[in-house]
Amino acid sequence: MISVLVDPRATPPGVVDWFALEGEFAVAWRASQAARARVPFAIVLELYDYEFLERAREHAARGDERAARIPFWPAALYVAGDVHGDAGEALAAERPALRASFFVPEADEVAAAAERLFGVLPFDPVAYVGALARAAGAAGGGVP
Amino acid sequence: MAPVTLAAPAGPLCWLHPEFARLEERQAPDATLDALPHLGHELARSRALRVVVPPGPRGQALAAVLRPHALDPWASLPRVAPEPAPTSLEAALLGGLAEFAGEPFELARNGDGYARHRLPLTRANAAARITACATSVWVLPVVRQAGAHALLPREHASLLAEPGPFARAGLVPFFHPLPRHAAPTWFGVLPAPDPHDPLARSQRAVLAALHPDRVLECESFASLAASGADLYAMALASLLPDTSTAAPKPRAAIVGICGIDGSGKSSHVRALAEALTARGIRVRVHKVYRHGVFHETVTALTRRTQDPEHLHLWRTERVAKAFDSLKCFTSAVAPDLDTHDVLIFDRYVQTHHAAGAGRCHWDPFTRALLRPFPAADAMFLIDVPVETALARIGERSQRTVDENPYMLTRFREMLLRLAAGTMTVLAGSEPFATNHARIVAEVERMLARRGSP
């Protein structure tokens with residue numbers, strides 16, 4: 001079972017960063033800034049969720065036993081982004097078995113991390129923190 | 001700075017049923033539509049600008065299309081409550097549904113809100129309604145009960161047997177609830193999604209009996225909604241300024257060869273690369289449609305679309321594929337733009353445009369996502385009949401999800417439409433050497449115009 005740390009801050013040593021700022025996802029988003037206003041935020045969040053899925057499947061297929069870090073939890077993103085009719089449920093169903101632990105940050109940490117990764121703020125950071133806290137409570141996977 | 005207050009323009013319910021549009025009409029119904037272009041520019045300039053939209057699905061969609069233009073999206077346009085305002089048309093309809101337990105009712109304007117009262121389906125009520133049509137709407141809730149697959153109630157069956165009096169009285173069906181993955185702005189206009197469901201057929205029969213002229217529009221909406229489109233949001237977004245910029249012109253010439261699966265394009269790509277390399281031109285071949293973990297993952301997602309309730313995943317599939325090509329471009333292709341004379345692409349962005357429109361009947365944001373790709377200097381389409389392509393595909397070991405007659409026909413139609421005026425179309429039935437010679441000659445002319453080697 002893959003261990004995933006949900007934390008918008010820096011990646012701890014020994015943990016794989018699935019959304020590194022020099023990685024394919026972030027670099028491609030920076031390149032798409034010219035057309036940013038034509039892509040709904042809901043699509044930005046769905047692509048993030050899809051990237052999470054792909055990295056998780058790749059990690060599992062390789063038998064990689066290292067923990068991984070993602071900056072945001074998709075379900076909390078959809079809530080904070082006022083997104084409806086999304087693919088979140090289907091994407092979550094395709095994930096390999098994983099165990100998520102959550103660091104619940106301050107809203108300004110979330111906003112800063114989102115700006116670094118996406119170049120925009122595609123969700124409400126205050127609402128994200130609330131949704132993440134609820135998800136962490138439900139999963140029983142909080143990180144001090 | 002005073003906040004800007006916007007009313008939400010009329011949505012699909014009013015597009016389909018003008019009776020609701022007349023009921024909802026305000027003094028300045030187009031004020032929001034007129035304001036959007038300027039507002040988009042203002043949001044991009046000022047963090048201090050605040051925009052107030054009404055609660056409910058239309059307000060949420062309005063805020064969602066404005067936020068990508070804003071310097072401070074969530075300060076300028078805070079999150080919007082999903083429940084419609086009590087004085088809204090949506091709230092009035094939902095209120096009537098609850099108050100009268102699914103029975104028909106009459107809805108009329110009452111100041112800023114609406115008044116409603118029960119009005120059973122009788123011929124006497126229909127006759128009395130003829131003169132009241134202009135100031136009120138007779139609403140027929142068509143409700144899908146959770147888990148129910150039975151036909152409509154008996155009164156609906158009698159309506160279907162003789163719909164004339166009720167159609168003349170302006171009876172308007174209102175479908176509820178929305179299919180699970182449909183955008184909330186489709187409120188009231190979508191019948192149950194599965195056309196094989198007896199309930200879905202009878203719901204459609206109600207609309208056909210009362211307003212046969214609206215059936216095609218309703219089916220179009222249902223098709224778009226099923227594929228994940230929010231037409232209301234798309235219509236609003238089209239009014240906002242397009243601040244996109246074209247990708248800069250690279251040093252390398254861009255050549256693309258497109259075609260449906262099995263058209264022989266990969267063979268032409270290889271032959272062209274060899275011919276140019278033999279002339280001393282620095283050539284690199286690229287494929288931006290990757291295999292491996294990406295392809296396996298997106299295919300797993302695509303399989304879920306076998307369920308009619310998950311057709312919205314086609315949008316996700318197309319967007320994921322377009323973005324993967326962008327990832328491939330920025331990581332693997334971009335470094336070659338300044339170090340090679342010619343980059344040859346085995347498929348280029350047109351394949352995404354054609355596949356998206358072919359599958360979904362609308363562009364699922366692929367054009368916006370693929371803006372960083374530079375315009376091609378030469379594009380070729382190897383056109384073959386679908387039967388020929390399928391025969392060639394059959395010779396391979398594995399077929400993809402889209403390698404079937406219907407999708408390949410749609411894909412081919414879209415490519416041919418895109419090719420008009422922008423691509424050189426070559427008949428795949430011509431001898432390979434003939435097409436190859438044409439491709440090489442055209443690429444050489446293009447390089448000569450560019451002053452390239």
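Visitor: Let me start with a strand. How many bridges join β1(A) to β4 of chain A, and do they run parallel or antiparallel?
Guide: There are 5 bridges between β1(A) and β4, which covers residues 98-102 of chain A, and the two strands run parallel. Before we go on, please keep in mind that this is a predicted model.

Visitor: Noted. Which residue stands opposite A:Ile2?
Guide: That is A:Leu98, which lies in β4(A).

Visitor: And how does β1(A) pair with β3 of chain A?
Guide: The sense is parallel here too, over 3 bridges, with β3 spanning residues 68-70. One facing pair to look for is A:Leu5 and A:Arg69, the latter in β3(A).

Visitor: What order do the strands take in that sheet?
Guide: The order is β2-β3-β1-β4 in chain A, giving an open sheet of 4 strands with parallel pairing. At the edges stand β2 (16-17) and β4, each with a single partner strand, so each has one side without a neighbour in the sheet.

Visitor: What holds paired strands together, in general?
Guide: Strands of a sheet pair through backbone hydrogen bonds.

Visitor: Why is β1 of chain A described as largely enclosed?
Guide: Of its 5 residues (2-6), 4 are buried, so strand β1 of chain A is largely enclosed by the rest of the structure.

Visitor: Let's switch to where the chains meet. How many residues does each chain put into the contact?
Guide: Chain B gives 45 residues and chain A gives 43 residues. The area buried between them is about 3,900 Å², and carbon and sulfur atoms supply 62% of that.

Visitor: How many salt bridges cross the interface?
Guide: The rule finds 7 salt bridges between chain B and chain A. One to zoom in on joins B:Arg290 and A:Glu24, whose closest N and O atoms are 2.9 Å apart.

Visitor: Is B:Asp383 buried or exposed?
Guide: Its relative accessibility is 16%, and buried means under 20%, so B:Asp383 counts as buried. The side chain of B:Asp383 makes a polar contact with the side chain of B:Arg412 at 2.7 Å. Leaving out residues up to four places away in sequence, B:Asp383 also touches others, including B:Leu416, B:Val425 and B:Gly428.

Visitor: Now zoom out. How many helices and strands are there in chain B?
Guide: Chain B has 20 helices and 11 strands. Its C-alpha atoms fill a box of roughly 85 × 60 × 35 Å along the principal axes.

Visitor: And what percentage of chain B is buried?
Guide: Buried residues make up 53% of the 453 residues in chain B. Among contacts in chain B with a separation of 6 or more, 76% link residues 24 or more positions apart.

Definitions and conventions:
Residues numbered from 1 in each chain as written. Chains lettered and ligands numbered in written order. Predicted model: local features only at pLDDT ≥ 70, side-chain atom pairs only at ≥ 80, totals over all residues. Heavy atoms only, no water. Contact = heavy atoms within 4.5 Å. Buried area = accessible area lost by both parts, 1.4 Å probe. Salt bridge = Lys/Arg side-chain N within 4 Å of Asp/Glu carboxyl O. Buried < 20%, exposed > 50% of the residue type's maximum accessible area, 1.4 Å probe, protein only. Pairing = 2+ DSSP bridges. Polar contact = N/O pair within 3.5 Å; in protein donor to acceptor, adjacent residues only side chain to side chain.
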